[in-house]
Amino acid sequence: MSAMTKNSARLRDEERARLIWLLTTDKAIISALSGKLTLAEQYDVGTLADDIAEVGALVAHLPPPDLADTLEALPSEERHALWRLVENEKRGKVLLEASENVWDDLIDEMTDRALLDALQYLDIDEQIYLVQHLPRNLTGRLLATLPPEERARVRQVMHYEKNRVGAIMEFEVITVRPDVTLEVVQRYLRRLGKMPENTDKLFVTNRE
């Protein structure tokens with residue numbers, strides 16, 4: 001591990017620890033984030049505003065895996081206060097990294113719309129992974145928001161039990177025909193730009 005990587009990991013650890021400390025030692029922060037700040041908790045409006053701003057900055061800077069770890073470490077009330085600060089673009093990724101206990105706790109208080117908004121930023125395979133843990137009525141609403149091809153993929157996977165290989169199979173793969181030259185494949189990949197996540201091989205298939 002390089003010195004830069006070590007420093008980056010150490011910084012994230014420090015930021016995560018600082019975030020947990022702020023949320024668990026100052027009840028006024030939680031009350032303010034929850035919209036329940038009392039007069040007694042308004043000890044120093046300036047200091048409280050600075051603390052809330054710091055919490056927001058830490059949440060914005062930490063990547064999804066670190067936010068998931070932070071949520072795991074917090075009691076329920078503090079967890080929900082933190083969750084309110086996580087942007088929709090990050091929420092789906094954070095849920096992917098968190099445990100099912102955290103999902104249940106967070107999803108229980110999220111509206112259907114908020115949950116669908118969070119899932120829309122995920123790839124189809126990630127949506128499939130999470131959708132298997134959603135209430136049945138919400139699963140139907142999510143399916144209705146997907147394009148027909150992706151909806152069919154989700155329905156196909158949902159026929160498998162969670163511990164079966166079919167439930168975790170990847171749909172987004174790159175295929176090439178056996179008669180195509182390597183030069184053509186390289187040109188295609190350059191035009192493609194972004195490859196499917198976890199791509200480490202190409203699949204050679206015939207026209208059938």
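Read along the sequence, this protein runs α-α-α-α-α-α-α-α-α-α-α-β-α-β. In total there are twelve helices and two strands, where helices (H or I, at least four residues) and strands (E, at least two) are DSSP runs numbered from the N terminus.

Before you start clicking, note that this is a predicted model, in which local features need pLDDT of at least 70, side-chain atom pairs count only at pLDDT 80 or more, and totals for chains, interfaces and linings use all residues. Residues are numbered from 1 along each chain as its sequence is written, and side-chain values use heavy atoms, with hydrogens and water left out.

**The whole chain**

Of the 208 residues, 36% count as buried. Here buried means under 20% relative accessible area, exposed means over 50%, and partly exposed lies in between (1.4 Å probe, protein chains only). Among contacts in the protein with a separation of 6 or more, 60% are between residues 24 or more positions apart; contact means heavy atoms within 4.5 Å.

**First stop: helix 1**

Select residues 3–25 for helix 1, then pick out Glu-15 within it. Glu-15 is buried, with a relative accessible area of 13%. Leaving aside residues up to four places away in sequence, Glu-15 touches Leu-58, His-61 and Leu-62. Draw a distance from Glu-15 to Leu-58: they are 43 residues apart in sequence, yet 6.5 Å apart in space, C-alpha to C-alpha.

**Next: helix 4 and helix 5**

Now select residues 64–73 (helix 4) and 76–83 (helix 5); their axes come within 8 Å and cross at roughly 150°. Axes are lines fitted to C-alpha atoms, for helices over the stretch in contact, and angles run from 0 to 180 degrees between N-to-C directions. That crossing makes helix 4 roughly antiparallel to helix 5. The cut-offs are these: angles under 35 degrees count as roughly parallel, over 145 as roughly antiparallel, 65 to 115 as roughly perpendicular, and the rest as oblique.

Show side chains for Thr-70, Leu-71 and Glu-72 of helix 4, and for Arg-79, Leu-82 and Trp-83 of helix 5, which make the contact. By class, the residues of this contact are three nonpolar, one polar and two charged. Ala, Val, Leu, Ile, Met, Phe, Trp, Tyr, Cys and Pro count as nonpolar, Asp, Glu, Lys and Arg as charged, and the others, Gly among them, as polar.

Stay on helix 5 for a moment. Six of its eight residues are buried, so helix 5 is largely enclosed by the rest of the structure. To see them, select Glu-78, Arg-79, His-80, Ala-81, Leu-82 and Trp-83.

**Across to helix 7**

Ser-76, Arg-79, His-80 and Trp-83 of helix 5 meet Val-102, Asp-105 and Leu-106 of helix 7. This contact has three nonpolar, two polar and two charged residues.

Which residues of helix 7 are buried? Val-102, Trp-103, Asp-105, Leu-106 and Ile-107 are. They pack against helix 4, helix 5, helix 6, helix 8 (112–119) and helix 9 (124–131).

**Back to helix 4, now with helix 6**

Select residues 88–97 for helix 6, whose axis comes within 8 Å of that of helix 4, crossing at roughly 60°. Helix 4 and helix 6 are therefore oblique to each other, and helix 4 passes helix 6 in a right-handed crossing. Here Pro-64, Pro-65, Leu-67, Ala-68 and Leu-71 in helix 4 meet Lys-90, Lys-93, Val-94 and Glu-97 in helix 6. The classes are six nonpolar, no polar and three charged.

**Last two residues**

Click Ser-99, in the loop between helix 6 and helix 7. Is Ser-99 buried or partly exposed? Ser-99 is partly exposed, with a relative accessible area of 24%. Its C-alpha atom is separated by 8.3 Å from that of Ala-68, 31 residues apart along the chain.

Finish at Val-131 in helix 9. Val-131 is buried, with a relative accessible area of 2%.

Conventions. Left-handed = near helix turned anticlockwise from the far one by under 90°.
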